[in-house]
Amino acid sequence: MRWRGERESSNVEDRRGASGGRGLSIGRGGVGLGTIVIAFLAAWLFGINPMTVLSLLTGGGDLGVSTTQTAPQTQPGQKPQDEGGQFASVVLASTEDTWQKIFQQAGARYTPPTLVLFSGRTSSACGLGDAAAGPFYCPGDRKVYVDLSFFQLLHQRFGAAGDTAQAYVIAHEVGHHVQNLIGTMDKVQGMRSRVGQSQYNQLSVLLELQADCYAGIWAHHSQQSRQWLEPGDVEEAMRAAAAVGDDNIQRRTQGTVVPDAFTHGTSQQRMQWFSRGFESGSVQACDTFAGR
């Protein structure tokens, strides 16, 4: 991506280096890619069944750990000074431009999320965010939380390298923010107490696939306005989407695939929906819930 020199967002909180508190937390209530990554790490480090961890992270259990914590004092709008932070800020700015235009065309107003850059742990309205859980979106405070070290994990453990792969992750989390604004997230959450765990997992998959499609919409419109994607960049994003597919994670960690336990979608599904968003640039093309 030719991102240098592009506008940086002012909706950034750089908490890196601030104390994030102590204790274990899973960011309950947040939505993002990290729920499957932490399961992979648990299996890799401790020999724990990753599906057990996934169940805990998605509401099927309780770790019995609580933390009380005050958010570190930060200055929203202060621009990051390092390259990684600047890149994330540029990507966030491009999502703002994309979704502001789309909402405006629909006669609505887009309120962008805040991107919180942190290291280690940080507090959120969804609980204590931990770097091991990866990036997540918290609907309670409308913020996207990213520890940039996650991108090293994405590269080293999942083979998904490149700046466009990283941009896909941020755009995916912003996709959850869009779902929150238009009410999709509330509708899915409202079904939690009315359906079984397997059915709720299926709804979670549709929510995640739609966020992938929205990330594709971002890629479509940002490329039209900036022409910053280079040959191979879209493939980078597709590899990142495939790397965090449920079937890929399960196969690598436990040797078998359990479709009923999927919460994010298969590698093929994730690539397919990102591609659909990229090719169409249309929100209407991203209705993963059609037919349910």
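Predicted model: local features only at pLDDT ≥ 70, side-chain atom pairs only at ≥ 80, totals over all residues.
Is Asp82 buried, exposed or partly exposed? Asp82 is partly exposed, at a relative accessible area of 31%; here buried means under 20% relative accessible area, exposed over 50%, and partly exposed in between (1.4 Å probe, protein chains only).

Residues are numbered from 1 along each chain as its sequence is written, and side-chain values use heavy atoms, with hydrogens and water left out.

1. Back to Asp82. It forms a salt bridge with Arg16, with the closest N and O atoms 2.6 Å apart (a salt bridge being a side-chain nitrogen of Lys or Arg within 4 Å of a carboxyl oxygen of Asp or Glu). Asp82 sits in the loop between helix H2 (50-57) and H3, and Arg16 in the loop between S1 and helix H1 (34-46), so the pair ties together parts that are 66 residues apart in sequence. Helices (H or I, at least four residues) and strands (E, at least two) are DSSP runs, numbered from the N terminus. Arg16 is partly exposed as well, at 27% relative accessibility.

2. The whole structure has 12 salt bridges. One of them joins the side chains of Arg15 and Glu13 (3.1 Å, N to O), and both of these residues are buried. Another links Arg226 with Asp97, with the closest N and O atoms 2.6 Å apart. Arg226 belongs to helix H7 and Asp97 to helix H3, so this pair ties together parts that are 129 residues apart in sequence. Arg226 counts as buried at 16% relative accessibility, whereas Asp97 is partly exposed at 30%. Salt bridges with shared partners join Glu6, Arg7, Glu96, Asp97 and Arg226 into one network.

3. Now the sheet. It is open, with 4 strands in the order S1-S2-S6-S5 and mixed pairing (two strands pair if DSSP finds at least two bridges between them). Strand S1 (12-14) and strand S5 (136-138) are at the edges with a single partner strand each, so one side of each has no neighbour in the sheet. S1 and strand S2 (residues 114-117) run parallel, joined by 3 bridges, and Glu13 has Val116 in S2 as its bridge partner. Helix H3 (residues 83-105) lies across S1 and S2, at about 165° to S2. Axes are lines fitted to C-alpha atoms, for helices over the stretch in contact, and angles run from 0 to 180 degrees between N-to-C directions.

4. There's a hairpin too: S3 and S4 have 2 residues between them. Strand S3 (residues 121-124) pairs with strand S4 (residues 127-130) in the antiparallel sense over 4 bridges, with Ser124 opposite Gly127.

5. Helix H7 (residues 197-226) packs on helix H10 (residues 267-280) at an angle of about 35°, their axes 6 Å apart. Also in H7 is Gln210, which counts as buried at 5% relative accessibility. Leaving out residues up to four places away in sequence, Gln210 touches Gln179, Thr184, Cys286, Asp287, Thr288 and Phe289 (contact means heavy atoms within 4.5 Å).

6. Last stop, H8 and H9. Helix H8 (residues 233-243) has buried residues including Asp233, Glu236 and Ala237, and its buried residues pack against helix H4 (150-156), helix H5 (163-182), helix H9 (246-254) and H10. Just after H9, Gly255 takes a positive phi of about 80°.
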